[in-house]
Amino acid sequence: MSKYSPNKRNQIIRDAKQCFQSLDLPINNNEFDKDSEIVFTSQICNDHVCAIALVSLHDQVDFISIDINFSPKVPSAKMVNVWQLLNLLNGMMPIYHYSICPRCNGISLRSALFLSEEILPKGKFKRLVQDMLDDAYLCFPLIEEVAKAGNPEILYDRFMDDHKDIMKMEGRLSKEVISKILGDMKSVFAELKMSRTEVEIRGNMFIKDFVFQDMDIPLRMGIELAHENEIITMNLAPPFTVPHEKIPMVTELVTHLNRGHGPNHFFIHRESHRVVLLKGIMIGNGILDKKEFKMAVCALLEVGCKVFPIIKEQLSTNEKPDALVNRIFGITKCNE
């Protein structure tokens with residue numbers, strides 16, 4: 001049974017198309033409705049990027065997804081370097097992430113926006129699309145350079161200042177607004193009752209530990225309110241670290257896993273070598289959408305509980321990452 005009525009589905013898609021058009025992006029005449037999914041496409045073409053954007057609304061989920069698929073593909077001989085760069089980039093991107101299709105070596109920039117009230121929050125959606133466009137404009141030439149001969153670490157360090165500039169917004173949240181948002185987040189945790197551990201607040205950050213009876217890996221969640229760009233960043237991580245010799249293998253695994261996730265994504269932390277599950281949600285007009293925040297917390301925990309044991313399994317086996325993912329989740333479909 002569909003989650004949305006036909007009228008709601010059509011209205012969400014109409015609003016999404018209007019957001020693209022307001023950014024001077026065309027709507028291609030190839031919308032299709034198949035397998036409980038509505039999809040429309042747009043084209044991005046400028047002096048840095050050539051890509052097709054796919055916007056999808058699924059009947060049975062609570063989010064609308066965006067996939068920006070780039071051209072050309074990554075040469076197989078350069079995959080390791082590109083995996084390394086994408087892992088570094090994904091570590092600083094809470095609301096979207098890069099992934100590579102394991103079947104065709106195509107690169108995509110992916111995200112999804114929760115629909116807490118079964119309508120499209122147009123302000124957030126437009127901002128998300130704009131941020132993804134800005135990021136692609138800066139990042140894709142960097143990816144192309146690494147795919148040719150560039151050093152991922154050196155290019156990433158050189159790139160960081162430019163990326164921080166595009167993510168900042170004018171103005172900051174007031175102390176009163178911050179206090180209200182932190183209080184709303186704490187009330188959501190109290191409502192969920194997922195752990196006996198109290199929420200610890202450090203400045204603008206929550207720290208919370210979760211232990212589940214059916215899982216032998218304790219998880220720590222950190223939630224930070226960044227007032228310079230009005231984004232709440234949520235990260236979930238287990239206590240284990242990735243040994244140096246296993247980093248290339250786990251980086252490949254994380255790349256495959258990110259292909260199947262839109263609302264959140266994994267990366268290996270550059271300093272601690274922990275695998276982190278990351279998600280960001282935007283604040284609209286200084287107000288936290290508590291329902292959206294609750295959905296994001298639950299989705300993060302659900303994915304973490306399912307996937308972190310797989311990552312831990314990878315550390316104790318030499319099974320190829322793509323084989324491990326296919327064995328557990330099945331073969332990942334290519335969008336093309």
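Me: Why is Asp-67 called buried?

Reply: This is a predicted model, and Asp-67 has a relative accessibility of 5% in it. Buried means under 20%. The value is under that cut-off, so Asp-67 counts as buried. Asp-67 belongs to strand β4, residues 63-70.

Me: What makes the pair Asp-67 and Arg-110 a polar contact?

Reply: The two side chains are joined at 2.4 Å. The cut-off for a pair of N or O atoms is 3.5 Å. The distance falls within the cut-off, so the pair counts as a polar contact.

Me: What about Ile-100: buried or exposed?

Reply: Buried. Its relative accessible area is 1%, and the limit for buried is under 20%. Ile-100 sits in strand β5, residues 97-100.

Me: Which residues does Ile-100 touch, leaving aside those up to four places away in sequence?

Reply: Met-79, Val-82, Trp-83, Leu-86, Asn-105, Gly-106, Ile-107, Thr-255 and Arg-259. Each has heavy atoms within 4.5 Å of Ile-100. Trp-83 is 17 residues from Ile-100 along the chain, and their C-alpha atoms are 8.1 Å apart.

Me: Why is Pro-72 called partly exposed?

Reply: The relative accessible area of Pro-72 is 48%. Exposed needs over 50%, and buried needs under 20%. Pro-72 lies in the loop between β4 and α2.

Me: What does Pro-72 touch, not counting residues up to four places away in sequence?

Reply: Phe-140 and Glu-144. As for Ile-107, 35 residues from Pro-72 along the chain, the two C-alpha atoms are separated by 8.3 Å.

Me: What makes the phi of Glu-118 worth a note?

Reply: Phi is near 60° there, a positive value in a residue other than glycine. Glu-118 is in the loop between β6 (107-114) and α3. At a relative accessible area of 22%, Glu-118 is partly exposed, because buried would need a value under 20%.

Me: What is the phi of His-273, and where is that residue?

Reply: Phi of His-273 is near 60°, again positive in a residue other than glycine. His-273 is in the loop between β11 (265-268) and β12 (275-282). Its relative accessibility is 24%. That lies between the 20% and 50% limits, so His-273 counts as partly exposed.

Me: Which residues make the contact of α1 with α3?

Reply: From α1, Asp-15, Ala-16, Gln-18, Cys-19, Phe-20 and Ser-22. From α3, Lys-122, Phe-125, Lys-126 and Val-129. They divide into 5 nonpolar, 2 polar and 3 charged.

Me: How do you know that α6 and α7 are roughly antiparallel?

Reply: α6 and α7 (residues 290-315) pack at about 150°. Roughly antiparallel means over 145. The angle passes that limit, so the label holds. Their axes are 10 Å apart, and the crossing is right-handed. Met-249, Val-250, Leu-253 and Leu-257 of α6 meet Val-307, Ile-310, Ile-311, Gln-314 and Leu-315 of α7. By class, that contact has 8 nonpolar, 1 polar and no charged residues.

Me: At what angle do α2 and α6 pack?

Reply: At about 65°, with the axes of α2 (residues 79-90) and α6 (residues 247-259) 10 Å apart. The crossing is left-handed. Trp-83, Gln-84, Asn-87 and Asn-90 of α2 meet Thr-251, Glu-252, Thr-255 and Asn-258 of α6. These divide into 1 nonpolar, 6 polar and 1 charged.

Me: How many helices and strands does the protein chain have, and what share of its residues is buried?

Reply: The chain has 8 helices and 12 strands. Of its 336 residues, 52% count as buried. Among contacts with a separation of 6 or more, 63% join residues 24 or more positions apart.

Terms used: Residues are numbered from 1 along each chain as its sequence is written. This is a predicted model: local features need pLDDT of at least 70, side-chain atom pairs count only at pLDDT 80 or more; totals for chains, interfaces and linings use all residues. Side-chain values use heavy atoms; hydrogens and water are left out. Helices (H or I, at least four residues) and strands (E, at least two) are DSSP runs, numbered from the N terminus. Buried means under 20% relative accessible area, exposed over 50%, partly exposed in between (1.4 Å probe, protein chains only). A polar contact is a pair of N or O atoms within 3.5 Å; within protein, one must be able to donate a hydrogen and the other to accept it, and residues adjacent in sequence count only if both atoms are side-chain atoms. Ala, Val, Leu, Ile, Met, Phe, Trp, Tyr, Cys and Pro count as nonpolar, Asp, Glu, Lys and Arg as charged, and the others, Gly among them, as polar. Axes are lines fitted to C-alpha atoms, for helices over the stretch in contact, and angles run from 0 to 180 degrees between N-to-C directions. A crossing is left-handed if the near helix is turned anticlockwise from the far one by less than a right angle, and right-handed if clockwise. Angles under 35 degrees count as roughly parallel, over 145 as roughly antiparallel, 65 to 115 as roughly perpendicular and the rest as oblique.
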